[in-house]
Amino acid sequence: ILSVFLVVVVTLIALGLRLRAVELLPIDYDEDDYLSAGQRYAQFIRQGDWQSIIDYEFNYEHPPLTKIIYGLVILPLPEERLLPELSPNIPPASSLPQPHFEYGRLTAATFGALSAFALAVLDPLGGFFLGIHTWTIKYTSQIMLEPLPALVSLLTVLCYARWKKGKLMRWLWLSAFFLGITAASKYTYCIIGVAILVDWLLDEFSARGDQPEPAPAWRSLVLPLAWGVLAVAVFVIFDPRMWNDPLGRLAQSLLYHGDYAQSQHVQEAGFPSWQPLV
């Protein structure tokens, strides 16, 4: 009873702080970009234009799942004039259409509060610190990409930890599923998959040392490989851009930031953007 009470309290605190942030935080960089993308996804869904969902390129450096979810949230609302697709370097918009803006932020806050809830189920104190962490509150109360991958990456490791404890395979496959959703939301959060693999392989090969006649080493890699393959499959399913030229588009999005940083450096140095760095 005490544990349930603590989980409920932590979740309410996390949600309350995020709802306050939804109301008080000014419009930030990227919120207009992601709401703009959400508007277009809502328009494509409304029109049944699935090919445009697959080929939509704005913000292509990030996977589209979170932006599609914002589009689904505002889909029932009256249509507003589409926000312009502007450079991410310009200052944030002074105003954004309502209630679309508020619905987008409330969606982010819900994901943020669910993250605190999920961690509180494992450890109420950990969930409390996540719930009151101001930097996390900010980025899970605005129309950003962070709220969804923050939640599903946490669920990835929680399900993996549950599998380690009882070896019930459904928890392992759930972990792979959430890792695939993480990749379809924002690539940088996939670092949790690397951490899981390191922990997993260390356990596997240290256990082999305790066996008088250990099985061939390759057998220790079969299950991690299956876990990774399932995660990749889920990523492709939930990232519509991967449905057409997956390798080319994956390379395009992964290489974006390196190309962007180089172009910014060139322009700041006073060279034309097309001139290569030496």
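Q: Buried means under 20% relative accessible area, exposed means over 50%, and partly exposed is what lies in between. Why is Asp245 called partly exposed?
A: The model is predicted. In it Asp245 has a relative accessible area of 46%. That value lies between the limits of 20% and 50%, so Asp245 counts as partly exposed.

Q: Where does Asp245 lie, and what is noted about its phi?
A: Asp245 is in the loop between helix H11 (219–238) and helix H12 (246–254). Its phi is near 55°, which is a positive value in a residue other than glycine.

Q: What makes Asp30 partly exposed?
A: The relative accessible area of Asp30 is 25%. Since this falls between 20% and 50%, Asp30 is partly exposed. Asp30 belongs to the loop between helix H1 (2–24) and helix H2 (31–47), and its phi, near 80°, is a positive value in a residue other than glycine.

Q: How do you know whether Arg105 is buried or exposed?
A: Arg105 has a relative accessible area of 1%. The limit for buried is under 20%, so Arg105 is buried. Arg105 sits in helix H5.

Q: Which residues does Arg105 touch, leaving out those up to four places away in sequence?
A: Arg105 touches Ala21, Val22, Leu25, Pro26, Ile27, Glu31, Ser141, Gln142 and Ile143. For one of them, Glu31, the C-alpha atom is separated from that of Arg105 by 9.2 Å, with the two residues 74 residues apart along the chain.

Q: Why is Gln39 counted as buried?
A: The relative accessibility of Gln39 is 6%. This is under 20%, so Gln39 counts as buried. Gln39 lies in helix H2 and, not counting residues up to four places away in sequence, touches Ile74, Glu80, Arg81, Leu82, Leu83 and Pro97.

Q: How do you know whether H5 is roughly parallel or roughly antiparallel to H8?
A: The axes of helix H5 (residues 100–122) and helix H8 (residues 147–166) come within 8 Å and cross at roughly 20°. Angles under 35 degrees count as roughly parallel, so H5 is roughly parallel to H8. H5 passes H8 in a left-handed crossing.

Q: Which residues of H5 and H8 meet?
A: From H5 come Ala108, Phe111, Leu114, Ser115, Ala118, Leu119 and Leu122; they meet Pro147, Leu148, Ala150, Leu151, Leu154, Leu155 and Leu158 in H8. The residues of this contact divide into 13 nonpolar, 1 polar and no charged.

Q: Which peptide bond is cis?
A: The bond from Gln98 to Pro99 is cis, with omega near 5°. Pro99 is found in the loop between helix H4 (65–74) and H5.

Q: How many aromatic pairs does the structure hold?
A: The structure holds 13 aromatic pairs.

Q: Why is the pair of Tyr41 and Tyr56 called edge-to-face?
A: The ring centres of Tyr41 and Tyr56 are 5.2 Å apart and the planes stand at 80°. Rings pair if their centres lie within 6.5 Å, and planes over 60 degrees apart count as edge-to-face, so this pair is edge-to-face.

Q: What does the pair of Tyr41 and Tyr56 tie together?
A: Tyr41 lies in helix H2 and Tyr56 in the loop between helix H3 (50–55) and H4, so the pair ties together parts that are 15 residues apart in sequence. Both Tyr41 and Tyr56 are buried.

Q: What are the distance and angle for the aromatic pair of Phe44 and Tyr56?
A: This pair has 5.7 Å centre to centre and 70° between the planes. The distance is within 6.5 Å and the angle over 60 degrees, and the pair is edge-to-face. Phe44 is in helix H2 and Tyr56 in the loop between H3 and H4, 12 residues apart, and the pair links distant parts of the chain. Phe44 and Tyr56 are both buried.

Q: Which residues form one aromatic cluster?
A: Tyr160, Trp163, Trp200 and Trp227 form one aromatic cluster.

Q: How many helices and strands are there in the protein chain?
A: There are 13 helices and 0 strands.

Q: What share of the residues counts as buried?
A: Of the 278 residues of the protein chain, 41% count as buried, that is, under 20% relative accessible area. Among contacts between residues at least 6 apart in sequence, 76% join residues at least 24 apart.

Conventions: Residues numbered from 1 in each chain as written. Predicted model: local features only at pLDDT ≥ 70, side-chain atom pairs only at ≥ 80, totals over all residues. Heavy atoms only, no water. Axes fitted to C-alpha atoms, helices over the stretch in contact; angles between N-to-C directions. Helix = DSSP H or I, 4+ residues; strand = E, 2+ residues; numbered from the N terminus. Parallel < 35°, antiparallel > 145°, perpendicular 65-115°, else oblique. Left-handed = near helix turned anticlockwise from the far one by under 90°. Contact = heavy atoms within 4.5 Å. Nonpolar A, V, L, I, M, F, W, Y, C, P; charged D, E, K, R; others polar. Buried < 20%, exposed > 50% of the residue type's maximum accessible area, 1.4 Å probe, protein only. Phe/Tyr/Trp six-rings, centres within 6.5 Å; stacked < 30°, edge-to-face > 60°.
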